[in-house]
Amino acid sequence: MPKRATPASTESITKTSRAIKLKKQPLGAAPDAEPSEPLETAGPEVKSTKSTTTETDSAGRPVLVEFRNVTKRYDARAVLNKVDLKLFKGEFLSLVGPSGAGKSTLIKCLTLQERPEEGQIFVAGRDITQLHPGDLPLYRRKIGVVFQDFKLLPTRTVWENVAFALEVAGVSNREIQRRVGVMLETVGMLSKRGQFPSQLSGGEQQRVAIARALVHDPKILIADEPTGNLDPVNTWEIIELLYKINQTGTMVILATHDREIVDALKKRVVTMREGVVVADQVQGTYLV
Ligand SMILES: Nc1ncnc2c1ncn2[C@@H]1O[C@H](COP(=O)(O)OP(=O)(O)O)[C@@H](O)[C@H]1O
Ligand SMILES: [Mg+2]
């Protein structure tokens, strides 16, 4: 994929930041929606120590996620090496670094696809590394994830792909209809609701994947190289969409090795290399 972003793309992101109206309600929420559970209620009380930090960032936002001395090994090799990192509620964080730096592993530890051998990961004050496997489905609903390869179900339509996430969670039919409609509208895919993934462009498929990730109204949206398979135009459309979602209060973690995106966003940038956080910039640019 060409690495150059046109100046227009950058300008367009700036325009987006001006044009997006801040919504008071979270995406997809409505008065008759089932009460959205706060992140704190993910699973029964865990015996672990609560995070004691009361730290806030420059905008006064409290810590939502804290990696504390996290080490993850594969075959005795540490691919995350004593990582300490605090992420703040509602922030947009770019996670950058060369291939193999440990970005995806850090994300997998946050989604509990992997468990670190050492350290703790606090989410809303709770050490999630202590969560019981039975509590994982509920926890994961609080965190939306999108991937480079979209991971849509090929035999289901756009609508069904988004609805499926709610069906397995036992949400009522009426509420599914409402929420899927809102989400597809948000990502601009309502008109293609009846199409199958193979009939969509990569950018469209990623929009559907984002709608699916947001359908439980998560506090955190993680995007792991979401534009890795997209051309520049679709790339910028997806980045603008992530930006817009962040404006509604959802924390966004964007793992990318695309320098142009990171430089244009002018948001916090955490740089990893060989399993270690080597830089953390408030309004960063790509370092490596
Ligand atoms: N399941 C696994 N088994 C063994 N090694 C792995 C596994 N997953 C990742 N790794 C290794 O961990 C390191 C970090 O990988 P990863 O987190 O995917 O990096 P990034 O996302 O920054 O490219 C790499 O050296 C990779 O080969
Ligand atoms: Mg990766």
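**Entry 1: strand E9 and its partners**

I looked up Ser-94 and found that this residue stands opposite Val-269 in E9. I note that the model is a predicted one. I then looked up the strands themselves: E3, residues 92–96, pairs with E9, residues 268–273, in the parallel sense over four bridges.

I next followed E9 to strand E10, which covers residues 276–281. These two strands run antiparallel and are joined by five bridges. Within this pairing I found Arg-273 opposite Val-276 in E10. E9 and E10 form a hairpin, and I recorded two residues between them. Glu-274 lies in the turn and has a positive phi of about 50°.

**Entry 2: the surroundings of ligand 1**

I listed the residues around ligand 1, among them Tyr-74, Val-79, Gly-97, Lys-103 and Thr-105. The list also includes Ser-99, Gly-100, Ala-101, Gly-102 and Ser-104.

**Entry 3: Lys-82**

I located Lys-82 in strand E2, which spans residues 77–88.

Leaving aside neighbours within four places in sequence, I found Lys-82 in contact with Asn-69 and Thr-71. I also looked up Gly-119, which is 37 residues from Lys-82 along the chain. The C-alpha atoms of Lys-82 and Gly-119 are separated by 7.5 Å.

Note on methods:
Residues are numbered from 1 along each chain as its sequence is written. Chains are lettered from A and ligands numbered from 1 in the order in which they are written. This is a predicted model: local features need pLDDT of at least 70, side-chain atom pairs count only at pLDDT 80 or more; totals for chains, interfaces and linings use all residues. Two strands pair if DSSP finds at least two bridges between them. A residue is near a molecule or strand if its C-beta atom, placed from the backbone, lies within 6 Å of it. Two residues are in contact if their C-beta atoms, placed from the backbone, lie within 7 Å.
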